[in-house]
Amino acid sequence: MKIAFVNQPIDAIVPPYQNSVGACTYWVARPLAKATEVLVYGVKDLNPGDPAALAAEYGIQFRFFAATWFDRLLFHLRRKSGRLFRGAPTISTWRWTFPTYGKQVALDLKKQNCDVIHLQHCSQYIPVIRAHNPRAKIVLHLHGEWFSQSNPAALTDRIAQVDLLTSVGNHITEKTKRTFPAFADRCETTYNGIDAQEFAREKDYAALRQRKIKRILYSGAVSPHKGVHVLVDAFVLVARQYPNVVLDIVGPIGDYPIEENFDLHDDRALIQELAPFYDTSLW
(Lines give C-alpha, C1' and ligand atoms only; values in the text may rest on other atoms or scores of the structure.)
Protein backbone atom coordinates (compact mmCIF):
# COMPACT_ATOMS: atom_id res chain seq x y z
CA MET A 1 0.00 0.00 0.00
CA LYS A 2 1.10 3.55 -0.75
CA ILE A 3 -0.20 6.41 1.41
CA ALA A 4 0.20 10.14 0.81
CA PHE A 5 -0.40 13.00 3.24
CA VAL A 6 -1.18 16.37 1.67
CA ASN A 7 -0.56 19.27 4.03
CA GLN A 8 -1.83 22.82 3.96
CA PRO A 9 0.53 25.34 2.33
CA ILE A 10 1.02 26.90 5.79
CA ASP A 11 2.22 23.72 7.50
CA ALA A 12 5.76 23.18 8.82
CA ILE A 13 6.17 19.42 8.98
CA VAL A 14 9.82 18.53 9.58
CA PRO A 15 11.00 18.54 13.23
CA PRO A 16 11.75 20.51 15.27
CA TYR A 17 9.93 23.55 13.85
CA GLN A 18 6.48 22.09 13.29
CA ASN A 19 3.09 23.69 13.54
CA SER A 20 0.23 21.68 15.03
CA VAL A 21 -1.05 20.09 11.82
CA GLY A 22 2.49 19.44 10.62
CA ALA A 23 3.23 17.60 13.86
CA CYS A 24 0.06 15.52 13.46
CA THR A 25 1.16 14.52 9.97
CA TYR A 26 4.68 13.62 11.08
CA TRP A 27 3.68 11.51 14.07
CA VAL A 28 1.22 9.49 11.98
CA ALA A 29 3.44 9.20 8.92
CA ARG A 30 6.56 8.07 10.75
CA PRO A 31 5.15 4.88 12.35
CA LEU A 32 3.18 4.08 9.18
CA ALA A 33 6.41 4.31 7.17
CA LYS A 34 7.74 1.29 9.06
CA ALA A 35 5.08 -0.90 7.45
CA THR A 36 4.27 0.76 4.13
CA GLU A 37 5.38 3.44 1.67
CA VAL A 38 4.50 6.93 2.88
CA LEU A 39 4.75 10.26 1.04
CA VAL A 40 4.29 13.67 2.68
CA TYR A 41 3.57 16.79 0.63
CA GLY A 42 4.12 20.40 1.71
CA VAL A 43 5.52 23.78 0.73
CA LYS A 44 9.30 23.80 0.43
CA ASP A 45 9.74 27.30 1.86
CA LEU A 46 8.44 26.11 5.25
CA ASN A 47 10.27 22.80 5.20
CA PRO A 48 13.97 23.25 4.39
CA GLY A 49 16.31 20.34 4.05
CA ASP A 50 17.41 17.74 1.55
CA PRO A 51 14.53 15.27 0.86
CA ALA A 52 16.95 12.36 0.44
CA ALA A 53 18.62 13.06 3.79
CA LEU A 54 15.23 13.51 5.47
CA ALA A 55 14.00 10.22 4.01
CA ALA A 56 17.07 8.44 5.34
CA GLU A 57 16.57 9.94 8.81
CA TYR A 58 12.80 9.60 9.17
CA GLY A 59 11.84 6.87 6.69
CA ILE A 60 9.34 9.19 4.97
CA GLN A 61 9.40 10.41 1.37
CA PHE A 62 9.04 14.17 1.74
CA ARG A 63 7.91 15.86 -1.47
CA PHE A 64 8.00 19.64 -1.19
CA PHE A 65 7.15 22.25 -3.83
CA ALA A 66 8.33 25.85 -3.78
CA ALA A 67 5.56 28.43 -3.42
CA THR A 68 5.14 30.40 -6.66
CA TRP A 69 4.97 34.19 -6.78
CA PHE A 70 1.40 33.84 -8.08
CA ASP A 71 0.31 31.79 -5.06
CA ARG A 72 2.01 34.18 -2.66
CA LEU A 73 0.45 37.24 -4.31
CA LEU A 74 -3.06 35.81 -4.19
CA PHE A 75 -2.61 34.81 -0.54
CA HIS A 76 -1.25 38.25 0.40
CA LEU A 77 -4.11 40.06 -1.33
CA ARG A 78 -6.68 37.79 0.31
CA ARG A 79 -5.22 38.34 3.76
CA LYS A 80 -5.18 42.10 3.26
CA SER A 81 -8.69 42.35 1.88
CA GLY A 82 -10.36 40.21 4.51
CA ARG A 83 -13.92 39.21 3.80
CA LEU A 84 -15.18 41.89 1.46
CA PHE A 85 -18.73 40.72 1.86
CA ARG A 86 -20.59 38.48 4.25
CA GLY A 87 -20.55 34.88 3.12
CA ALA A 88 -17.24 35.08 1.26
CA PRO A 89 -15.09 31.95 1.58
CA THR A 90 -12.54 31.89 4.37
CA ILE A 91 -8.87 31.52 3.55
CA SER A 92 -8.89 27.88 4.67
CA THR A 93 -11.61 26.98 2.15
CA TRP A 94 -11.01 29.56 -0.61
CA ARG A 95 -10.38 27.85 -3.95
CA TRP A 96 -7.60 30.34 -4.77
CA THR A 97 -5.47 29.61 -1.70
CA PHE A 98 -2.16 28.44 -3.26
CA PRO A 99 -3.84 26.90 -6.36
CA THR A 100 -0.54 26.21 -8.13
CA TYR A 101 0.63 24.18 -5.14
CA GLY A 102 -2.55 22.12 -5.29
CA LYS A 103 -2.12 21.44 -9.00
CA GLN A 104 1.55 20.44 -8.54
CA VAL A 105 0.60 18.01 -5.78
CA ALA A 106 -2.25 16.51 -7.81
CA LEU A 107 -0.01 15.87 -10.82
CA ASP A 108 2.76 14.37 -8.70
CA LEU A 109 0.25 12.12 -6.92
CA LYS A 110 -0.85 10.85 -10.31
CA LYS A 111 2.73 9.79 -11.07
CA GLN A 112 3.08 8.15 -7.67
CA ASN A 113 -0.12 6.10 -8.07
CA CYS A 114 -1.05 6.21 -4.37
CA ASP A 115 -3.73 4.01 -2.85
CA VAL A 116 -4.77 6.48 -0.13
CA ILE A 117 -4.52 10.27 -0.22
CA HIS A 118 -5.01 11.96 3.14
CA LEU A 119 -5.67 15.71 2.98
CA GLN A 120 -5.04 17.77 6.08
CA HIS A 121 -7.88 20.29 6.25
CA CYS A 122 -7.34 21.77 2.75
CA SER A 123 -10.61 20.86 1.01
CA GLN A 124 -9.96 23.22 -1.92
CA TYR A 125 -7.53 20.71 -3.42
CA ILE A 126 -10.02 17.83 -3.49
CA PRO A 127 -11.43 18.52 -7.00
CA VAL A 128 -8.05 18.75 -8.75
CA ILE A 129 -6.62 15.78 -6.83
CA ARG A 130 -9.68 13.65 -7.56
CA ALA A 131 -9.59 14.61 -11.25
CA HIS A 132 -6.03 13.30 -11.59
CA ASN A 133 -6.40 10.37 -9.15
CA PRO A 134 -9.81 8.82 -9.84
CA ARG A 135 -9.03 5.44 -8.28
CA ALA A 136 -7.42 6.58 -5.04
CA LYS A 137 -9.26 6.61 -1.73
CA ILE A 138 -9.35 10.21 -0.52
CA VAL A 139 -9.60 11.18 3.15
CA LEU A 140 -10.33 14.74 4.32
CA HIS A 141 -9.13 15.33 7.88
CA LEU A 142 -10.58 18.37 9.65
CA HIS A 143 -8.44 19.89 12.41
CA GLY A 144 -10.92 22.63 13.20
CA GLU A 145 -14.46 23.75 12.55
CA TRP A 146 -14.70 25.71 9.32
CA PHE A 147 -18.22 24.88 8.19
CA SER A 148 -19.56 27.63 10.43
CA GLN A 149 -17.57 30.27 8.57
CA SER A 150 -18.28 29.00 5.05
CA ASN A 151 -21.25 28.53 2.77
CA PRO A 152 -22.08 24.78 3.03
CA ALA A 153 -23.37 24.72 -0.55
CA ALA A 154 -19.91 25.63 -1.80
CA LEU A 155 -18.39 22.68 0.09
CA THR A 156 -20.92 20.00 -0.85
CA ASP A 157 -19.27 19.09 -4.16
CA ARG A 158 -15.92 18.69 -2.46
CA ILE A 159 -17.22 16.41 0.28
CA ALA A 160 -19.04 14.32 -2.31
CA GLN A 161 -15.67 13.40 -3.80
CA VAL A 162 -14.07 12.06 -0.60
CA ASP A 163 -14.35 8.50 0.66
CA LEU A 164 -13.93 9.43 4.32
CA LEU A 165 -14.26 12.67 6.26
CA THR A 166 -12.71 12.52 9.69
CA SER A 167 -12.21 15.16 12.36
CA VAL A 168 -10.28 15.59 15.59
CA GLY A 169 -13.36 15.68 17.84
CA ASN A 170 -16.94 14.50 18.11
CA HIS A 171 -18.28 18.07 18.16
CA ILE A 172 -16.93 18.71 14.66
CA THR A 173 -17.96 15.26 13.42
CA GLU A 174 -21.55 15.60 14.64
CA LYS A 175 -21.86 19.13 13.28
CA THR A 176 -20.56 17.93 9.92
CA LYS A 177 -23.22 15.21 9.87
CA ARG A 178 -25.95 17.75 10.62
CA THR A 179 -24.69 20.19 8.00
CA PHE A 180 -24.19 17.52 5.32
CA PRO A 181 -26.70 14.75 6.17
CA ALA A 182 -26.27 13.10 2.76
CA PHE A 183 -22.67 12.26 3.71
CA ALA A 184 -23.18 11.38 7.38
CA ASP A 185 -22.21 7.75 6.79
CA ARG A 186 -18.69 8.75 5.75
CA CYS A 187 -17.98 10.99 8.76
CA GLU A 188 -15.90 9.70 11.67
CA THR A 189 -13.78 10.99 14.54
CA THR A 190 -10.03 10.38 14.73
CA TYR A 191 -8.52 11.79 17.90
CA ASN A 192 -5.02 13.21 17.87
CA GLY A 193 -2.63 10.68 19.32
CA ILE A 194 0.39 11.10 21.56
CA ASP A 195 3.69 9.32 21.85
CA ALA A 196 3.43 7.73 25.31
CA GLN A 197 7.22 7.55 25.54
CA GLU A 198 7.29 11.34 25.82
CA PHE A 199 5.79 10.90 29.31
CA ALA A 200 7.59 7.72 30.35
CA ARG A 201 10.46 9.39 32.19
CA GLU A 202 10.39 8.95 35.95
CA LYS A 203 9.85 12.14 37.92
CA ASP A 204 10.80 12.98 41.47
CA TYR A 205 7.41 14.19 42.65
CA ALA A 206 8.60 14.49 46.26
CA ALA A 207 11.17 17.07 45.19
CA LEU A 208 8.58 18.91 43.12
CA ARG A 209 6.29 19.25 46.13
CA GLN A 210 9.08 20.97 48.05
CA ARG A 211 9.53 23.68 45.44
CA LYS A 212 8.12 27.03 46.43
CA ILE A 213 7.30 28.08 42.90
CA LYS A 214 4.37 26.39 41.14
CA ARG A 215 4.19 26.60 37.37
CA ILE A 216 1.31 26.54 34.92
CA LEU A 217 2.26 25.84 31.30
CA TYR A 218 0.35 26.95 28.21
CA SER A 219 1.74 25.45 24.99
CA GLY A 220 0.24 26.49 21.69
CA ALA A 221 -0.21 29.36 19.29
CA VAL A 222 -0.26 32.75 20.99
CA SER A 223 -3.31 33.94 19.12
CA PRO A 224 -6.74 35.26 20.15
CA HIS A 225 -8.53 32.26 18.65
CA LYS A 226 -6.83 30.08 21.28
CA GLY A 227 -8.21 32.25 24.09
CA VAL A 228 -4.83 33.22 25.54
CA HIS A 229 -6.28 36.59 26.61
CA VAL A 230 -8.89 34.73 28.68
CA LEU A 231 -6.16 32.63 30.28
CA VAL A 232 -4.17 35.75 31.21
CA ASP A 233 -7.24 37.40 32.77
CA ALA A 234 -7.91 34.24 34.77
CA PHE A 235 -4.29 33.98 35.87
CA VAL A 236 -4.42 37.51 37.32
CA LEU A 237 -7.07 36.24 39.73
CA VAL A 238 -4.95 33.20 40.59
CA ALA A 239 -1.77 35.24 41.13
CA ARG A 240 -3.51 37.61 43.54
CA GLN A 241 -4.34 34.71 45.82
CA TYR A 242 -1.29 32.54 45.13
CA PRO A 243 1.75 34.77 44.45
CA ASN A 244 4.09 31.76 44.15
CA VAL A 245 2.38 30.59 40.94
CA VAL A 246 4.02 31.35 37.58
CA LEU A 247 2.37 31.17 34.16
CA ASP A 248 4.64 30.10 31.27
CA ILE A 249 3.33 30.77 27.76
CA VAL A 250 5.19 28.87 25.05
CA GLY A 251 4.38 29.07 21.36
CA PRO A 252 4.60 31.13 18.17
CA ILE A 253 2.83 34.48 17.94
CA GLY A 254 0.10 34.16 15.32
CA ASP A 255 -2.38 36.40 13.55
CA TYR A 256 -5.08 33.91 12.64
CA PRO A 257 -7.70 35.82 10.61
CA ILE A 258 -10.67 36.99 12.64
CA GLU A 259 -13.09 35.86 9.92
CA GLU A 260 -11.97 32.25 10.40
CA ASN A 261 -13.26 32.14 13.96
CA PHE A 262 -16.88 33.21 13.90
CA ASP A 263 -20.08 31.76 12.54
CA LEU A 264 -21.59 33.52 9.55
CA HIS A 265 -24.61 34.27 11.73
CA ASP A 266 -22.74 35.57 14.78
CA ASP A 267 -23.58 39.03 16.04
CA ARG A 268 -21.54 41.59 14.10
CA ALA A 269 -21.29 43.90 17.10
CA LEU A 270 -19.65 41.10 19.10
CA ILE A 271 -17.13 40.49 16.32
CA GLN A 272 -16.27 44.19 16.18
CA GLU A 273 -15.79 44.21 19.94
CA LEU A 274 -13.24 41.41 19.68
CA ALA A 275 -11.50 42.81 16.58
CA PRO A 276 -8.78 44.68 18.56
CA PHE A 277 -7.46 41.32 19.79
CA TYR A 278 -6.67 40.48 16.16
CA ASP A 279 -4.91 43.77 15.38
CA THR A 280 -1.24 42.73 15.33
CA SER A 281 -0.10 46.34 15.10
CA LEU A 282 -1.05 46.67 18.78
CA TRP A 283 1.11 43.76 19.94
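Which strands does H4 lie across, and at about what angle does H4 run to E2? I began my notebook with that question, keeping in mind that this is a predicted model, in which local features need pLDDT of at least 70, side-chain atom pairs count only at pLDDT 80 or more, and totals for chains, interfaces and linings use all residues. Residues are numbered from 1 along each chain as its sequence is written, and side-chain values use heavy atoms, with hydrogens and water left out.

**Entry 1: helix H4**

I found that H4 lies across E1, E2, E3 and E4 and runs at about 165° to E2. Helices (H or I, at least four residues) and strands (E, at least two) are DSSP runs numbered from the N terminus, and angles run from 0 to 180 degrees between N-to-C directions, with axes as lines fitted to C-alpha atoms, for helices over the stretch in contact.

I then looked up the span of H4 (residues 99-112): its 14 residues should span 20 Å at 1.5 Å a residue, and the end C-alpha atoms are 20 Å apart, which agrees. The expected span is 1.5 Å times one less than the number of residues.

I noted the buried residues of H4, including Pro99, Tyr101, Val105 and Leu109; buried means under 20% relative accessible area, exposed over 50%, and partly exposed in between (1.4 Å probe, protein chains only). Among the elements that cover them are strand E1 (2-6), helix H3 (69-81) and helix H5 (126-132). After H4 comes asparagine 113, whose phi is positive, near 55°.

**Entry 2: the sheet**

I traced seven strands in an open sheet, in the order E3-E2-E1-E4-E5-E6-E7, with parallel pairing. E3 and strand E7 (187-189) stand at the edges with a single partner strand each, so one side of each has no neighbour in the sheet. Two strands pair if DSSP finds at least two bridges between them, and E2 and E3 pair in the parallel sense over five bridges. Within that region, tyrosine 41 has arginine 63 in E3 as its bridge partner.

**Entry 3: the core**

I looked up the largest nonpolar core, which has 34 residues, with Tyr41, Tyr101, Leu109 and Leu119 among those with the most contacts inside it. Such a core is a set of buried Ala, Val, Leu, Ile, Met, Phe, Trp, Tyr and Cys residues joined through side-chain atoms within 4.5 Å. H4 gives the most to this core, with four residues. Leucine 119 touches residues including Val6, Ile129 and Leu140, not counting residues up to four places away in sequence; contact means heavy atoms within 4.5 Å.
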